[in-house]
Amino acid sequence: MGFRSIMRRTSFSRTQGSTKGFEVPKGYLAVYVGETMRRFVIPVSYLNQPLFQELLNEAEEEFGYDHPMGGLTIPCSEVEFLNLTSRLN
């Protein structure tokens, strides 16, 4: 099962502050991206990729360890994030 099929089924925008239906499969991680804080579920293997580590460094610089969504917030646009993750597949 690839990233694209997981993302289609489990990426949502956060609504109403509810966490119902926001389960993350084993081996995946939820991240929030863009101005609307769209939620994406990504494989944890991305954490070892140099391109993704650059995003993590930017997130640390911008948010420290206090992420406003309660999960990992990535400080880039959705288009940039999708472009980067498509290169990781």
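Mentor: Let us begin with a pair of strands: strand β2 (residues 28-33) and β3 run in the antiparallel sense and pair over six bridges. Strands here (E, at least two residues) and helices (H or I, at least four residues) are DSSP runs numbered from the N terminus, and two strands pair if DSSP finds at least two bridges between them. This is a predicted model, in which local features need pLDDT of at least 70 and side-chain atom pairs count only at pLDDT 80 or more, while totals for chains, interfaces and linings use all residues. Residues are numbered from 1 along each chain as its sequence is written, and side-chain values use heavy atoms, with hydrogens and water left out.

Within this pair, A30 stands opposite V41 in β3. The hairpin of β2 and β3 has four residues between the strands, and in it G34 takes a positive phi near 85 degrees. M37 also has a positive phi, of about 55 degrees, although M37 is not a glycine. M37 lies in the loop between β2 and β3.

Is strand β3 enclosed or open to the outside? Five of the six residues of β3 (residues 38-43) are buried, so the strand is largely enclosed by the rest of the structure. Buried means under 20% relative accessible area, exposed means over 50%, and partly exposed lies in between (1.4 Å probe, protein chains only). For the protein of 89 residues, buried residues make up 38%.

Strand β2 has a further partner, for β2 and strand β4 (residues 72-74) pair in the parallel sense over three bridges. The bridge partner of V31 in β4 is L72. T73 can be related to helix α2 as well: L56 is found in that helix, and the C-alpha atoms of L56 and T73 are separated by 8.9 Å, although the two residues are 17 apart along the chain. L56 counts as partly exposed, at 22% relative accessibility.

The structure holds one salt bridge, a term for a side-chain nitrogen of Lys or Arg within 4 Å of a carboxyl oxygen of Asp or Glu. The side chains of R38 and E78 meet in this salt bridge (3.3 Å, N to O). The pair links distant parts of the chain, 40 residues apart, with R38 in strand β3 and E78 in helix α3 (residues 78-88). R38 is partly exposed, with a relative accessible area of 25%, and E78 is partly exposed at 22%. Side chains of opposite charge can pair when their charged atoms come close.

To place these strands in the whole, the protein comes to three helices and four strands. Read along the sequence, these elements follow the pattern α-β-β-β-α-β-α.

In summary, β2 pairs with β3 in the antiparallel sense and with β4 in the parallel sense, while R38 of β3 is linked to E78 of helix α3.
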